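User: I'm new to this structure and would like to learn how to read it. Could you walk me through it step by step?

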Amino acid sequence: MRMQRHLAPTAAPVTVVDLGWAILGLFQAQRYRVRLETEIKRYFGVRHVFLLSSGRAALATIVEAFAATSRRRKVIIPAYTCFSVPSAIVRAGGHVVLCDVDPHTLDFAFDHLQRIVDNETLCIVSPHLLGQTADISRAQAIAKPLGIPVIEDAAQAMGRKTKEGWVGTIGDVGFFSLGRGKNITAGSGGVIVTNSDEIADKLSKACAELPEESLAGQVVNGFTVFAMTILIRPRAYWLPATLPFLGLGETIYDPTFPIRRLDGMRAGLLKTWRRRLEDSNEVRARHADQYLGRFRQEEAQLEPVRQPGTAYLRLPMILPTAAAKQEMCTAGKDLGLGVSALYPAPVSDIPELKAQFQGQQYPGASVLADRLVTLPVHQYVDERDVVRICTMLHRLVAGAHPAVEARHTRATAQPPSRTETRGAGASNRGQ
């Protein structure tokens with residue numbers, strides 16, 4: 001890979017000032033945790049907040065809390081989702097049950113969900129994949145008659161608001177992730193939110209015995225965030241992108257992860273979380289709309305998953321074929337455009353879980369595994385990047401239609417003015 005401007009698929013900038021707050025948090029852990037809990041309660045309008053070491057730790061803790069007072073063990077999740085989700089369920093002693101997805105909404109295929117919910121179901125996990133909002137109310141309508149809680153996986157959608165309220169607060173209980181590359185980051189971290197006193201009581205018991213992060217663990221996380229702050233920038237990202245041992249972009253199934261409380265260093269790093277979250281989501285929504293405004297679906301045979309105004313973590317795009325996806329990802333990597341695949345396979349193909357799903361088909365999940373690519377929308381993207389990525393997409397899928405390609409090339413050939421470039425990057429100042 002060449003030394004060139006290279007976009008990460010997703011990024012969450014951290015400032016030197018944020019790193020300073022992290023050092024203070026190392027010595028005043030309880031103060032910064034209490035402040036963070038109070039601010040999250042006030043911002044999202046929830047009664048109960050729990051801070052943990054990661055998003056998957058948050059999910060595992062919720063499932064474990066439910067299982068502690070129930071004989072049920074089945075946990076329904078989408079057949080296409082982050083491998084951390086089944087990892088957390090297995091870590092908590094749950095039994096993974098898969099529901100197919102609608103590739104055009106990234107949500108459950110609800111007719112399938114209706115068929116598989118039964119009296120052995122402990123809970124349903126409904127993710128807002130990439131920031132695309134799931135229909136939580138519809139999932140609850142299916143779950144409620146059987147007394148099944150819906151866990152809202154808002155790991156990739158923190159700060160997204162719908163007519164029903166803040167994403168993460170609509171279900172019975174929800175959680176956010178503060179991992180690297182999320183809308184905001186503390187290196188790692190998870191937040192559980194709920195308005196249910198009953199659920200909060202169960203979570204309080206589950207969290208009471210959680211250990212603290214060691215001093216060494218906090219220092220390692222601090223150095224990792226510091227390195228990320230430097231290397232995530234487009235001028236430097238080519239370097240970590242060339243080092244395979246870093247495992248950038250890998251999706252790993254690992255149910256042996258630790259579950260701890262959020263430590264003081266991470267809580268300190270989140271001192272300015274509200275401003276960072278709002279700035280991040282504003283930029284992500286604007287860039288997503290710029291992409292969508294340039295796509296001509298009827299000409300280019302593209303299938304964007306459209307929710308205008310959405311602060312996507314990464315903008316999802318379904319290509320016509322698996323070969324087109326592979327070509328797009330390869331070209332995007334070679335040119336440093338941050339275009340990438342998402343998860344490599346449905347959950348049913350994870351080697352450690354595959355045996356329990358033999359003979360079961362998940363066609364919607366297979367479409368996403370085979371044909372979904374994602375486009376970067378974070379703060380380091382500028383209008384020139386949007387133009388280059390859109391041009392490459394149209395050339396790829398319209399290669400058999402020279403007239404279409406010619407029209408699109410003429411329409412996007414002019415680079416943005418200096419004024420436009422500064423405007424697109426304005427929110428990067430101080431990041």
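Analyst: Let's start with a term. A salt bridge is a side-chain nitrogen of Lys or Arg within 4 Å of a carboxyl oxygen of Asp or Glu. Keep in mind that this is a predicted model. Here, Glu213 and Arg260 make such a pair, with their closest N and O atoms 3.7 Å apart. The two sit in distant parts of the chain, 47 residues apart: Glu213 is in the loop between helix H7 (197-208) and H8, while Arg260 is in the loop between helix H9 (238-241) and H10.

User: Is Glu213 buried or exposed?

Analyst: Buried means under 20% relative accessible area. Glu213 comes in at 13%, so it counts as buried. Arg260, at 26%, is partly exposed.

User: How many salt bridges are there in the whole structure?

Analyst: A search turns up 13. One of them joins the side chains of Asp118 and Lys74, at 3.2 Å from N to O. Asp118 is in the loop between helix H5 (110-116) and strand E6 (121-127) and Lys74 is in strand E2 (residues 74-78), so this pair ties together parts 44 residues apart in sequence.

User: And what about a salt bridge inside one helix?

Analyst: Start with the general idea: an α-helix has 3.6 residues a turn, so residues three or four places apart point the same way. Now the case here: Arg275 forms a salt bridge with Asp279. They are four residues apart in helix H11, which separates them by about one helical turn.

User: Which residues of helix H1 are buried?

Analyst: In H1 (residues 16-27), they are Asp18, Leu19, Ala22 and Gly25. They cover an arc of only 110° around the axis, so they end up on the same side of H1. Val16, Val17 and Phe27, on the other side, are exposed. The cover over the buried residues includes H2, helix H8 (215-231), helix H10 (264-269) and helix H11 (273-294).

User: Now the sheet. In what order do its strands come?

Analyst: First, the general idea: strands of a sheet pair through backbone hydrogen bonds, either parallel or antiparallel. In this structure, seven strands make an open sheet with mixed pairing, in the order E1-E11-E10-E7-E6-E2-E3. E1 (48-52) and E3 (95-99) are at the edges with a single partner strand each, so one side of each has no neighbour in the sheet. For an antiparallel pair, look at E10 (residues 173-177) and E11 (residues 190-194), joined by four bridges. There, Ser177 stands opposite Gly190 in E11. Helix H2 (residues 29-44) packs on the sheet and touches E1, E10 and E11.

Definitions and conventions. Residues numbered from 1 in each chain as written. Predicted model: local features only at pLDDT ≥ 70, side-chain atom pairs only at ≥ 80, totals over all residues. Heavy atoms only, no water. Pairing = 2+ DSSP bridges. Contact = heavy atoms within 4.5 Å. Axes fitted to C-alpha atoms, helices over the stretch in contact; angles between N-to-C directions. Buried < 20%, exposed > 50% of the residue type's maximum accessible area, 1.4 Å probe, protein only. Arc of directions from axis to C-beta.
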